[in-house]
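Here's a quick briefing on a two-chain model, sorted by topic. Have a look at the sequence and structure first, then read on.

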Amino acid sequence: MLGKSQKAAHLAEEITDYTVIQGRSLWQDARMRFVRNKAAMASVFILALIVLFTIIGPYFAAWSNEEIDWNVMGDVRGMGMPSIETGHYFGVDDLGRDLYSRVIQATTTSLLVGLIGAATALIVGTCYGIAAGYIGGRTDSVMMRFVDILLAIPATLVIILLLVVAGRSFFMLFIALGAVGWLTMARIVRGQTLTLKNREFIEAARAAGVSEFTIMYRHILPNLLGVVIVYASLLVPEMILTESFISFLGLGISEPYTSLGRLIAEGAGTMSYGTLWQLIYPLTFYVTIIITMFFIGDGLRDALDPKDR
Amino acid sequence: MLAYSVRRLLVAIPTILLLIVACFFLMHVAPGGPFTSERPLPPQVLANIEARYGLDQPLWKQLWDYLYNIVVHFDFGPSFKFKDRDVNDIIAQGFPISLTYGSLSFLFATAVGVSLGIAAAIRHNTWIDYFAVGLGIAAQALPNFIMGPILILTFTLWLGWLPGGGWHGGQWQYLVMPVIALATSYMGSIARITRSSMLEVLNSNFIRTARAKGLPTRTVIWRHALKPTLLPVVSYLGPVFVYVLTGSVFVDIYFSTGGLGQAYVGSALSRDYAVLLGVTILYGALTVIVNLLTDLAYAWFDPKIRY
């Protein structure tokens, strides 16, 4: 009798232990889909290597980014080429500065510009979009008409205009990039908020007496996150592209700072003298960063937005 | 349809006016101007210059004159830097050039992009598909200011086939590189959008029905699949046209075509606000008009949209 009930208890334990189905959350699901995407994982790896390079790289540099190598300066074409012996692993630029250090500096700047620009756009756009969509009515149409008008002005022109009017500085560049980036984000977030705000769980929250702000923050925002992340990941390369374009024109970041767009512009300007490395090194970094970011964005979209698969 | 068009037009006009007003004030709060130089001008001279350009008037009066001249005479006023030219001259000289190769690269990007996308979707998961997808992604990562140096490096410096810049009345040798440089990245995006849209359409029920009733593949694709495929593409073409216009700012400078972009960046660097303002307004107005046309084309294309 005793043995039997022990056996039954054991059995019950076994059943409860092994037959409980482990549910997977949306995020676990998304992570699994992302990890299975080979192109995206390879891109993450390569991008991580580049970031690592910008952190560790400076410790191996023989020259700083500001020093001018007077020995090479007179004959950049003949002596400034990439070599291990002189310590200029990527060669020197037109003024005799070490390109290896300059490329590290430029890559850091470009990545930062992409991240901060996208983050600004993300925060402003999400807040604006949620507010417009959730409040609705006339407020919504006024807020969105404002966005429509701003969207009608070509983004590059707005940035050039802002940089000319307010002066060129790092801070202003971030503001200008953020100022054009948030518009599309606001539109997307508003659309999503509109579909969410009439759902039952929002109604339930309201019936339970949750304040409006808490509903937006606790109930709507988490449900938007997937779409927002996907769009933000595509925004980062776009920001880098725009900044490079502006810097290429000579209106973006100014000396002694530099960005990949600036270095490519300098390299493109001097390539007819036969100093090709000045173009090729920044260009390689640039194209690699952009392509890997595209793949990561695509992978995130496939993972987080099941409709598109 | 007519009511919808009129309503859209009624929204577009105040948008353009607002754009003008916003740009006008932005310019006027900016510190420094075209007449501030290293060596300060004597106050009388400065006062005379300001009177000449109407800068001594109250701001609202300036704005009113500016708006009035644009709306009634289509006149953007004189340039602050070039004494003998006004903004209209500068636009009239540069804009046709930018528009010529801009339109060409728009057509090129659309034609090649759509063909690539359709070919990839029809031959899904074959080498044609992989080739088109690879090309699309690579092209997307190569915006005009990257393509410019690469093209010059290849065709001018190494092969010596094409001249590295200039315009010469738009002879084809001078057109090839600006058009390709401008078109590449948009071609990539268009190809990818077309491909995914076509794949979605080809998997839908009405295509299966068309196949099931025995229509030849060619008819299925051209008669049934093409129109719904092109819907998302059409809505992307409006923005592309605008990007091509602004992208030409770079191409003008890099290939020295003498287009409007050179004047634009030149005026941005020398703080010639009159030119800067005129060109911004021109591009902004064009954007509004192109968006309007895109929406109307979309409404015409998609019978599901009701106004």
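B:Val290 sits in helix α11 (residues 273–301) of chain B; helices here are DSSP runs of H or I with at least four residues, strands are E runs of at least two, and both are numbered from the N terminus. This is a predicted model, so local features need pLDDT of at least 70 and side-chain atom pairs count only at pLDDT 80 or more, while totals for chains, interfaces and linings use all residues. Residues are numbered from 1 along each chain as its sequence is written, and chains are lettered from A and ligands numbered from 1 in the order in which they are written.

**Two single residues**

- B:Val290 is partly exposed, as 18 other C-beta atoms lie within 10 Å (buried means 20 or more other C-beta atoms within 10 Å of the residue's own, exposed means 12 or fewer, partly exposed is in between, and C-beta atoms are placed from the backbone).
- Leaving out residues up to four places away in sequence, B:Val290 touches B:Gly238, B:Phe241 and B:Val242 (contact means C-beta atoms, placed from the backbone, within 7 Å).
- From B:Val290 to B:Thr229 it's 61 residues in sequence and 21 Å in space, C-alpha to C-alpha.
- Over in chain A, A:Gly274 is in the loop between α12 and α13, and A:Gly274 counts as exposed because it has 12 C-beta neighbours inside 10 Å.
- A:Gly274 and A:Val124 are 150 residues apart along the chain, with 46 Å between their C-alpha atoms.

**Helix α6 of chain B**

- The 15 residues of α6(B) (residues 144–158) should span 21 Å at 1.5 Å a residue, and the end C-alpha atoms agree at 20 Å apart (expected span is 1.5 Å times one less than the number of residues).
- α6(B) still bends by about 25 degrees at B:Ile152 (the bend is the angle between axes fitted to the seven residues ending there and the seven starting there).
- Among the buried residues of α6(B) are B:Phe145, B:Met147, B:Pro149 and B:Ile152.
- After α6(B) comes B:Gly160, with a positive phi near 70 degrees.

**Helix α7 of chain B**

- A kink of about 40 degrees in α7(B) is centred on B:Thr184.
- Most of α7(B) is covered, with 23 of its 31 residues buried.

**Between the chains**

- Chain A puts 26 residues into the contact and chain B puts in 30 residues.
- On the chain A side, α8 (155–166), α11, α12 and α13 each supply at least two residues.
- That side of chain A has 23 nonpolar residues, three polar and no charged (Ala, Val, Leu, Ile, Met, Phe, Trp, Tyr, Cys and Pro count as nonpolar, Asp, Glu, Lys and Arg as charged, and the others, Gly among them, as polar).

**Chain A overall**

- Chain A has 13 helices and zero strands.
- Buried residues make up 40% of its 309 residues.
- Of the contacts in chain A with a separation of 6 or more, 70% join residues 24 or more positions apart.

How values were computed
Two residues are in contact if their C-beta atoms, placed from the backbone, lie within 7 Å.
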